[in-house]
Amino acid sequence: MPNVTVDGTEIEVPEGATVLQACELAGKEIPRFCYHERLSIAGNCRMCLVEVKPGPPKPQASCALPATEGQEIRTDSEMVKKAREGVMEFLLINHPLDCPICDQGGECDLQDQAMAYGRGYTRYDENKRAVTEKYMGPLIKTIMTRCIHCTRCVRFSEEVAGVDEIGALYRGENMQITTYLEQAAEHELSANVIDLCPVGALTSRPYAYEARPWELKKTLSIDVSDAMGSNITLCSRGREVLRVLPRINDEVNEEWITDKARYQVDGLQRRRLDKVFLRKRGKLVEGSWDEAFKAIAKAKPGKSIAAIAGDMVDCETMFAAKALVKASGSDLVESRQTGMDYPTGNLAAVNFNTSFAEIENADAVLIVGSNLRTEAALLNVRIRKAVKRGAKVFVVGPEWETTYPAEFLGDDVSVLGKLPKAVTDAFKDAERPALILGAGGLAAGAYDSALGLVETLGLVKDGWNGFNVVHTAAARMGALMLGFAQDGGIADIAKAKPKLVLALGADEVDWEPFADSLKVYIGHHGDKGAHAADIILPAASYAEKPGSYVNTEGRVQFADKAVFAPGDAREDWTILRALADALKVKVGFDNFAQLRAAMTEEVPALAVEGLADYGSLPKTGKAAKAEGKIAYPIADFYLTNPIARASTTMQRCSAELIHGEDVREAAE
Amino acid sequence: MADRAPAPDTPELRERWGGFVWTDENAEKARTFVSRYPEGRQKSAVMPLLDLAQRQVGAETNTQGWLPLPVIEYIAEYLDMPVIRVLEVATFYTMYNLAPVGRFHVQVCGTTPCMLRGSDDILEACYKRGMVKGSTSEDGLWTLTEVECMGNCATAPMVQINDGNYEDLTPERLDAVLDALAAGKQPKEGTQEPGRHTSEPSGGPTTLKEMVDANHDYRSEW
Amino acid sequence: MNFLSKIFTWWNGATIGTMLAAWRGFEHVGTDAQGNKYYRSKKKTGDGRERRWVIYEGSNDASRVPSEWHGWLHGLGEDVPESFLPPARIWETDYTPNATGTDTRYLPQGALEKGGHRARATGDYEAWSPDA
């Protein structure tokens, strides 16, 4: 623990800290462009120069200099001031003065730091350098003349995403950042380079010229495009969410989000349900709320009522639906739309027990039936970190492109019964072994045999639980906590032949068995569910209602309401409350606070933000034998939910990046 | 070298170079290069391999060779590294040619010492023979490039043609060298000044004169 | 122009009183393209200036005065504007009065009278329809 002096104050810094980190600890702001906490140190922007004694009598790049015992660091001397001014003047030599038309304006590191540390004028009157635009796909817009060559984007794609596709070509002052042959950046986290870029060289293509940062209202929310529960900020103006930015949460998403989480929001403005629809003579026609409620009451469901929740529903909605169903005297509720029927009695057995932050420390990982890149891209980043630290990874399931070395063991779950020696050896030596069971594995019936491996592979150790399930739906863990499940899955509900089925944004359900039921779709997008429904009640999307979500590791998180739902659409719980009146039952809440109170009374864990405690794993006897081919649930990463399917950006990504259509724009 | 850019990725290029593989001899050499680095660090061999590939392309086309994109991709695959990383190396070093060159790559040094000693005249002589900076002559013989310092300042001005340096040039001496090359002969490399051997002081030594013929102990004279 | 309407209305041209005053003490100077007539007082005021008037041909709307006569009314030049202003350029368009409140007024793209095609704005959304 070296002691250093920063501007006269002595502080102790952790071993291995850099001078820049020492200055930060001392509360000094060090300007920087290339340095980023989560990337390797490059030391090429030179903005973080400080004066360090002992050492050469010249300013030193603090980001690349280790803090050592007895260093005297000055960040406020005349030399440092001049050095910063000089570096800034050099950086601005080839940087265009196009801030008024630059999308980074207002949140630009270069702009801010030029104001704070620059000299305010230039002595340069030669011609500036210009660089042609590079194509980087449908999400990233490039204006490469603005690039200051910090190489953050290069390091991100190499180190975090694990897909080497961005590089720096040519040398010296001709350096240009580009992808190979200007192909589109093709991975699930590509758009994070937009946040990383300290200038306006890489900006968001769908959000180009939409708004300035100071016009936007920032609402803290939770992403629902996958079950990771990424923390996001919804940036909205008026009634529209214009963009999504990640929020830093080291426990969940660090500071990345997937491209889908970031860009599906333009789907919130398309294919919206903003009116009540009723099916009359086989055709959906516009109606009023009164008509709809009367039609539902006329069906006289009595006890024969069921609710099916979709993938993006918040806990409050599901609780309200369950309360309604319960008050009617039924218990037919289900959230696993695609027909999965794994036991839900013990929540620890369907939870990501290791937690995302801890999985980085795993030293042997067996992935069963999950394409992590499409199902939980940010978890894949964590596993990649684990592999960098020496973890061995084995995958059961069809091959997919991992971003780290991994051994595929075939796509039949029966391999779990007779694991190859390489796997058993790796797990025998492992101190922190982990098994990750994905939705594909659950669907193929690997639940029992995976649980059986807990004992065989020694997954549970002191202070370590290596049994993990990765869900694909943001609503899943919340639903399971609320008991929104049947033993036999959705088949049980179909068997009961309910008169009235409430579909809460359920778009993946096979409605064939429910032909005789009155299907009421409560949701926000006109997708498969709405087409199948008899009555459509327009509801709010995740951006338009407050709600709690539980991610796949059992982390309870709260989201706020950013904008109002369009047209006649209402928040889901109000619709269910009104429906209770129409059906003449009492659900026991009249406002949102009462609803939340009732919910947390039933499931106390939902009241506390953070990891819920599900107890220990169930004891299993002999591992049941399972057989069956694994198929991954996600065929198209960009079009997994109704919002994304409505989004033009996501459609374009899917067409270009997955289906390889050449929809490149002519050079702008 | 501001106008360097990889030759465009056209179907013709793919067709011509898509099937690039090492010749048996070069495959052997490539293995030697790779084996110089420890296991798992085989990427370090990217520079010698690029040079080898450029020479093989040169041998195939009877020129000084260059690096078409399919060849760069071949090397990336050979070393199991991302193509963009190989391309970064290939674009960084100017001695990797990104576009085809002629049989003789005439690289005239134009840095200060050579310029003071008359590199402008040397360039002029090249222009007179029909060479144009940055392009290959029509007969495919000559490619002219102006380069930065080659480290032969003591014998300036100089040109590098293929792997040989020709120093102490005057336009006449350069003409002689180029004529010889064009005639298929191999002129003497190094200094072209009669009586000079390497980069010793021209016109005889100016210091340590006693040392020319035999060892001399200067210590008593300090 | 009807004599009765002259007595009972004031919004077209001069009223009876003004006409009488003009007949007595005004000197007609000129007429613009729209037929508005311009007058000046025969007598100078106490400080040596002359007073200038316009009597509109049609509605009393100050914006109907073209710019050159507007200048004249405010004391520019001695004689009619043609006498001291350069001839009109070929690219000059005819003067038009303020169109506010008339049919020829400016209508933005999104105005209903123009078909209501406005550019996309924040908060617009595309509603789902069951036929899609």
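This briefing covers the confidence, the fold of chain C, the interfaces and one annotated segment of a predicted complex. The predictor assigns the complex an ipTM of 0.85 and a pTM of 0.84. Chain C has a radius of gyration of 23 Å, whereas a compact globule of 132 residues would have one near 14 Å. Chain A forms contacts with chain C and with chain B.

**Confidence in chain C**
- The mean pLDDT of chain C is 86, and 98% of its residues score at least 70.
- Within chain C, confidence is lowest in helix α1 (residues 3-8), where the mean is 78.
- Confidence in chain C is highest in helix α3 (residues 67-73), at 92.

**Secondary structure and dimensions of chain C**
- Chain C contains 4 helices and 3 strands, and from the N terminus these elements follow the order α-α-β-β-β-α-α.
- Along the principal axes, the C-alpha atoms of chain C occupy a box of roughly 80 × 40 × 30 Å.

**Burial, contacts and surface of chain C**
- Of the 132 residues in chain C, 25% are buried.
- Considering contacts in chain C between residues at least 6 apart in sequence, 35% connect residues at least 24 apart.

**Interface between chain A and chain C**
- The size of an interface is often expressed as the accessible area lost when the parts come together.
- Chain A and chain C bury about 1,300 Å² between them, and carbon and sulfur atoms give 51% of that area.
- On the chain A side, A:Glu240, A:Gln269 and A:His531 supply 32% of the area buried against chain C, more than any other three residues.
- This contact involves 19 residues from chain A and 12 residues from chain C.

**Interface between chain B and chain A**
- The contact draws 19 residues from chain B and 15 residues from chain A.
- About 1,300 Å² is buried between chain B and chain A, with carbon and sulfur atoms giving 61% of it.

**Annotated segment of chain A**
- An unreviewed UniProt entry lists residues 216-272 of chain A as "domain: 4Fe-4S Mo/W bis-MGD-type".
- Over residues 216-272, chain A is 9% helix and 35% strand.
- The end C-alpha atoms of residues 216-272 of chain A lie 22 Å apart.

Key
Residues numbered from 1 in each chain as written. Chains lettered and ligands numbered in written order. Predicted model: local features only at pLDDT ≥ 70, side-chain atom pairs only at ≥ 80, totals over all residues. Heavy atoms only, no water. UniProt positions renumbered as here; feature names shortened; annotations may be inferred. Helix = DSSP H or I, 4+ residues; strand = E, 2+ residues; numbered from the N terminus. pLDDT = per-residue confidence, 0-100. Rg over C-alpha atoms; globule rule 2.2 N^0.38 Å. Buried < 20%, exposed > 50% of the residue type's maximum accessible area, 1.4 Å probe, protein only. Contact = heavy atoms within 4.5 Å. Buried area = accessible area lost by both parts, 1.4 Å probe.
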